[in-house]
Amino acid sequence: MPLTQRETERLELEQLIARCGRGDEGAFSELYDRTSAKLYGVALRILKDRGAAEDALQETYFNVWGAAGRFSTDGASPITWLVTIARHRAIDRLRRSRRGDNVPIGAAALAVPTAAPGPEAQAAASSERRRVEACMGELPKDRAALVRAVYLDGDSYAQLAARHKVPINTMRSWMRRALISLRACLAR
Amino acid sequence: MSAADALGPPEWAGEDGGGDNALAGEYVLGLMPEPEVQAFEKRMTDEPDLRAEVSYWQLRFAVLAEDEVASVRPPGRLKNRIQRSLFGLPWTSSQALRERLGWWRGVSMVAMTAAAAFLTLVLQDRMGLPAGEDPDATERATAPGAQDSVSAAEQTDSATAPARAGDGAPSHAVQITSAPDAPPLTLAIVFSAESGALTVSPATTSLPPGRVLEIWLIPPGSDAAMSLGVIGETGLRRVVGPEIAAGIVAGGSLAVSDEPPDGSPTGSPTGMIRGIGVPVAL
C-alpha cells in the first residue's frame, strides 16, 4: 500500500530531524524551508507582532537544533513536536512581555516536549487527529472557542474573564469543565 | 455560581471530577496559576502518569495548531539570521574541533602576545592586585562563602571590571580574539598557576536570546574541549583542577562558544565559537 502524502511527509521530516541531531546543517536548512511557514504562523497568531514572532521563530529553531538528537521517532509526529516547541516559545515571549519581566513561566511546560510512550502517541498522530477535531466539535461552541483562544491565541484566564465579564474563577470552572468533557470524549 | 468562584482553592484536583486530567490540560495550556505550577511540576518529576497526561494534552492540542493555524512565510532574512547564529562559522558539531578553529590559526601569535601583555597591565592597574600579595586573601580564605558576593559587589563599580583573581598572583593572561563573522566579543581572562584560580571578566558582546557564553580549554595537541564553565553576568571565577591547570600552562587554547542557558548539553561546544585565545605567561 503506498504511503499517504502525510505519512511520506512525516517520514521525510523525521529523517531531516535525525540528520539535524547529527549536526547536518544542510538538513537544518531543508527542515527550515519545509516547516518555517507553519511555525511562523503559529508564533504570529499568538504574538500578533511580526518582530516578536520572528524572535520566537529564531528561538524555536535554536531549540530544534539543540534537541533534534533527542527527538524520538516513536513519539510525537515531527510536525506536532515542532508546533509544540513553536507555541511554547511564543507563549513564553508573550508572558514575559505581558508581565514586563524575564521570569519564564513553568519551565517544564515550556520545555521541549518529550515523546510520549510509542503506541499512544502514534495514535495521536493519525486517527486521533480526526478525533481531536471531532471532540472539539462536540463541545458547546462557546467553550470550544475558549480552548482555541487559549491554545491558539495565548489568552489568559484574566483576559477571557474580562471579555466574558465573569469572575476569573468562573472562567476557570468553565475551562476545566470544557477540558473534562474534551478528555472524556477523547477517551471514548 | 459555585463556591469556587468566591475564592479559588489552591488545588482543584477532584473538586469537579476533573482531577489530574484537567489539571494537566490547564498546565499544558499555560493557564495554571504560578504557585500551582511549581507544585505541579514537583509532582511531575515523581509521577510518570502525570507526565504521560501532560504529553497526552500536548499532542492533542498541537493538532489544533497544525490544522487550524494558517501558514505565513517568514521574511527571507530570518533564515540567514538563524543560520548565522547557529553556524556563524563554517563548523558543525560533526566536524573536528581542529577544523572549526581553522580560522584562528592565522591570527598572529606576536600580536596576541603583545595584546595579552598589555591587557594584563590594564588589569593589574585596575584591580590593584596581582604583582604580589593579595591583601584580602586571608580574609577570604576564612570566609569562602563570601567570595562570590564580594566580587559581585565590587563589579557594580564597572561592568567590565573583572572579578578579582583568587589567591596567588596571576601567572597567565588570555586575550580573546573574536571569531570572524561573529559579533565582537570583549573578555579578559587571568589565571594563577600557583593557586589554580581562573578569573573571567563579564563579557561584552551581543548574544541571541536564551544563549549564554561558555568557556573551554582545548589542551595542546588535543581535539577535545574541556568546559571551564558558563560565563555569567558577573563573569566567572573558579579554581580549576590540576589537569586543566596543566593544559593552560602548557599553552592550550581557551575558546568561548554560545550555548543553551545551562551550558552545552553534550560536554562539547554545540553553538557558535565566538572567540579564542592562548594563555600568555606574565
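Guide: Before we start, one term: a charge sits over a ring if NZ of Lys or CZ of Arg is within 6 Å of the ring centre and within 35 degrees of the ring normal. Also keep in mind that this is a predicted model.

Visitor: Thanks! So where does A:Arg143 lie?

Guide: A:Arg143 lies over the face of A:Trp174, at 4.4 Å from the ring centre.

Visitor: And in chain B, which ring has the charged end of B:Arg60 over it?

Guide: That is the ring of B:Tyr56, with the charged end of B:Arg60 3.6 Å from its centre.

Visitor: Let me step back a bit. What does the secondary structure of chain A come to?

Guide: Chain A has 10 helices and zero strands. Read from the N terminus, its elements go α-α-α-α-α-α-α-α-α-α.

Visitor: And chain B, what's in there?

Guide: Chain B has nine helices and 10 strands.

Visitor: What about contacts between residues at least 24 apart in chain A?

Guide: Taking the contacts in chain A between residues at least 6 apart in sequence, 62% join residues at least 24 apart. For chain B, that percentage is 64%.

Visitor: On to aromatics. How many aromatic pairs are there over all chains?

Guide: The count comes to eight. One of the pairs is A:Phe28 with A:Trp65, which is edge-to-face, at 5.5 Å centre to centre and 85 degrees between the planes.

Visitor: Where in chain A do those two sit?

Guide: A:Phe28 is in helix H2 (residues 25–47) and A:Trp65 is in helix H3 (residues 50–67), so the pair links distant parts of the chain, 37 residues apart.

Visitor: Are they buried or exposed?

Guide: A:Phe28 is buried, with a relative accessible area of 0%. A:Trp65 is buried too, at 12%.

Visitor: Which cluster do they belong to?

Guide: A:Phe28, A:Tyr32, A:Tyr61 and A:Trp65 form one aromatic cluster.

Visitor: What is A:Ser36 touching?

Guide: Leaving out residues up to four places away in sequence, A:Ser36 touches A:Leu31, A:Leu57, A:Tyr61, B:Val72 and B:Pro74. A:Tyr61 belongs to the aromatic cluster as well. A:Ser36 lies in helix H2 of chain A and is buried, with a relative accessible area of 5%.

Visitor: And A:Glu30, where is that found?

Guide: A:Glu30 is found in helix H2 of chain A. At 35% relative accessibility, A:Glu30 counts as partly exposed. From A:Glu30 to A:Ile17 there are 13 residues in sequence and 9.9 Å in space, C-alpha to C-alpha.

Visitor: Last topic, backbone angles. What is the phi of A:Lys48?

Guide: A:Lys48 has a positive phi of about 55 degrees although it is not a glycine. Its place is in the loop between H2 and H3 of chain A, and A:Lys48 is exposed, with a relative accessible area of 55%.

Visitor: What about A:Lys165?

Guide: A:Lys165 also has a positive phi of about 55 degrees without being a glycine. A:Lys165 lies in the loop between helix H9 (157–164) and H10 of chain A, and is exposed at 73% relative accessible area.

How values were computed. Residues numbered from 1 in each chain as written. Chains lettered and ligands numbered in written order. Predicted model: local features only at pLDDT ≥ 70, side-chain atom pairs only at ≥ 80, totals over all residues. Heavy atoms only, no water. Phe/Tyr/Trp six-rings, centres within 6.5 Å; stacked < 30°, edge-to-face > 60°. Helix = DSSP H or I, 4+ residues; strand = E, 2+ residues; numbered from the N terminus. Buried < 20%, exposed > 50% of the residue type's maximum accessible area, 1.4 Å probe, protein only. Contact = heavy atoms within 4.5 Å.
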